[in-house]
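Visitor: Please walk me through the fold, beginning with the terms and then turning to the sheet and its surroundings.

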Amino acid sequence: MLGGIFSLHSSWKDRQDSYEHKPPLLECTSLNFRGFQFAQAMIFAIEEINNRTDLLPGLSLGYKIYDSCGSIARGVRVALALTSGDVDGPMEQSCTRPAQVQAIVGETSSSPCMAIATVIGPFHIPLISHFATCACLSDKVKYPSFLRTIPSDYYQSRALAQLVQYFGWTWVGAIRTNDDYGNNGMVIFTETARQLGICLEYSVAFFRTDPPDKIQKIIDVIKDSTSKVIVTFLSHMDMDVLIHQLSHHNLTGYQWVGTESWIFDSQTAAMDKKHILDGAIGLAIPKAHVSGMREFMLDVKRLNSSGDDMFRQFWETLFNCYFDKTKSSAGIQCSGFEDLSNVQNSFTDMSLMPIFNNVYKAVYAVAHVLHDILECNAICNTKVKLNPLAILQHMKKIRFRTKEGDEVHFNENGDPTAKYEITNWQPRVNGAVKFVTVGFYDAAADIQLKLHDRSLIWAQNSQKVPVSVCSKKCHPGTRKVLQKGKPVCCYDCVRCAEGEISNITDSVTCIRCHPEFWSNEKRDACTKKQAEFLSYQEVMGTLLTVTSLSGCCLTVIVACVFFKYRKTPIVRSNNSELSFLLLLSLTLCFLCSLTFIGRPTQWSCLLRHTAFGITFVLCISCVLGKTVVVLMAFSSTIPHGHVMKWFGPLQQRFSVLVFTLIQVIICIIWLVIAPPFPFKNFKEFKDKIILECAVGSTVGFWAVLGYIGILAMLCFILAFLARKLPDNFNEAKLITFSMLIFCAVWITFIPAYVSSPGKFSVAVEIFAILASSFGLLICIFVPKCYILLMQPEKNTKKSVRSNRTVKSL
């Protein structure tokens, strides 16, 4: 014996209980053809099994079907009646064994199933639902005997979230039925949507029995919203109520996303007179066909033999006639032989065949379990005692295929494999709606969601996918910044800072470019920074190179003049040996400036500062030697003294060697401890790489410069002391002026070098080298060359002696 619980009526009459007497049974109203169809599907499956010889041979299945009237309390009551074997059901045919049922098929909704499963759970009687989808029913601790042939909303909710994400809708509204089905389904959808980056602008709930003002508030919420997509977790009855209100306010232009409870319901589509839901998309139970079921359900002639009041109501409602002669005056009197071929209503609509198939599967699952437990071969072993717990445990392991090839089995939670069709409402020319399958969802597949975008129709018969976002996408080159007090889907697009990029849409952060790269104008790619150094090709490098070579040539020319006139009094009296050594050092000074131009390398960095330091010390040492000689020669107060023997040529060469050797030692120590090296400076300019030579040891660098400065200051002081020597012989004055220029140049060099950016600091250093070199060359040698070339009459021993005589007097 199988039990069935269906809502053959959808409502009941209100009553006022006085609590003085036992309340009577509910008086059901509003015959529900859909519940009647479910019951017919169950009866069809039972009769088909009874007519088979390979399944339960020698046994017949009976049934007790009760009407719950859509009431949870009545559903619990009839469930207890089925477990105890009491009370005849409204669709129960005569049976000689009114025993306890082995399983119950039903109920249609989640909330009644929760109540019934809680009550019959301790009895271990399987309750198999064909349309209760609430994920909460998968909890085997609370509902140990509940199973179903329709997937859990756990999968449907996640599939809806993936569907919404697929079309790029990140800003949606949500409406749900205020019961276990709607509330639990929306909780899972909301959680999954949040993980996928989808935000809910609003989430409202209502029940079809709510007062009109509450439903009006939901309409106001929709009107005030900015989202264009509405996700619904509504039963078909609640959806019918909502459609009525939406049509009254003519709320069109919204994209509706629905669940299996209404998305493929032709009755709901028929109510949408103003095409509010055109273009709706959602998940539907896969289409099914059960051969013979349609003909069985539409064969109503076999029902007219029953005198039961239930069938009288059914017949009168189906054909809009009356058996009672007193009522027939208001309409047509029923004959009991009416023809169904001319009737078009929800009973003749077979669009819910997938749900009928679920009822069919549930009955067959029980039959296969009984077949295995009763060890049926040619005939079943009727001596086996049926234990509800054994039936329940075996039910969870059963696996079989129907005659149409559908595989039926349950997982550990009593749920089947989750598979859905994605259905799209597409309006036709005649105003009807066609349910078009545009994709599939398989929870067990690697790629769960598959869609055929080309066949889709959207709201208001549009071919373009609707846009429903709180903020537009942030293009590459920008990043998302959340708006204060709003969901994460509401943000502003802020351009990436200099040196940062974002190369994807809707980037949360900007990526900083590698130090050798810089962001382009659009901030969507890193481009290699331009390497900058003082090169020979640019104007400044060319000018400095020409100036350096010019100074070198001028020094060589002066050396040639001095060499030509090397035996003349002026050249000989000015310490020709130191003069030639000084000219050589000046030539090297001009040439060493060239090492500062061009791309820095390991060798150029080592050479430029050491060559500069050594050549300049050599130069200053020569000038210092000449200064000392001049000072001693003209400042001695002892006639014919022996002071000059301590400043002879040997001592002069030795002093130059010692002074230069000290600088060489400083440079060696510098190179050993921390030598200069090529360095890429990323900090000086944001969009350029400055190729320069790092000094390595700062102490070594300033020690080299400091040593040059000390010698220069010493030379300047000594020359300053000899500044009042006779005017006709102005060696001391010229040295003083040259040292003044030298010191002035290098004193101003320090702040200019420190503050100059990039290659300009190198240019400043080259300029200082050239300026000081030209100062020495011009101040010391040009006046003498002028006399040698332009005033040869002054280049005599008499002139030289007169100078010395004047001083000695």
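Guide: Two strands pair if DSSP finds at least two bridges between them, and helices (H or I, at least four residues) and strands (E, at least two) are DSSP runs, numbered from the N terminus. The model is predicted, so that local features need pLDDT of at least 70 and side-chain atom pairs count only at pLDDT 80 or more, while totals for chains, interfaces and linings use all residues. Residues are numbered from 1 along each chain as its sequence is written, and side-chain values use heavy atoms, with hydrogens and water left out.

Visitor: Which residue in E18 is the bridge partner of Ile-422?

Guide: Strands E17 (residues 419-427) and E18 (residues 433-442) run antiparallel and are joined by nine bridges. The partner of Ile-422 in E18 is Gly-439.

Visitor: Is Met-186 buried or exposed?

Guide: Met-186 belongs to helix H5 (residues 180-195). Leaving aside residues up to four places away in sequence, Met-186 touches Ala-174, Ile-175, Arg-176, Ser-203, Val-231 and Phe-233, where contact means heavy atoms within 4.5 Å. Buried means under 20% relative accessible area, exposed over 50%, and partly exposed in between (1.4 Å probe, protein chains only). With a relative accessible area of 3%, Met-186 is buried.
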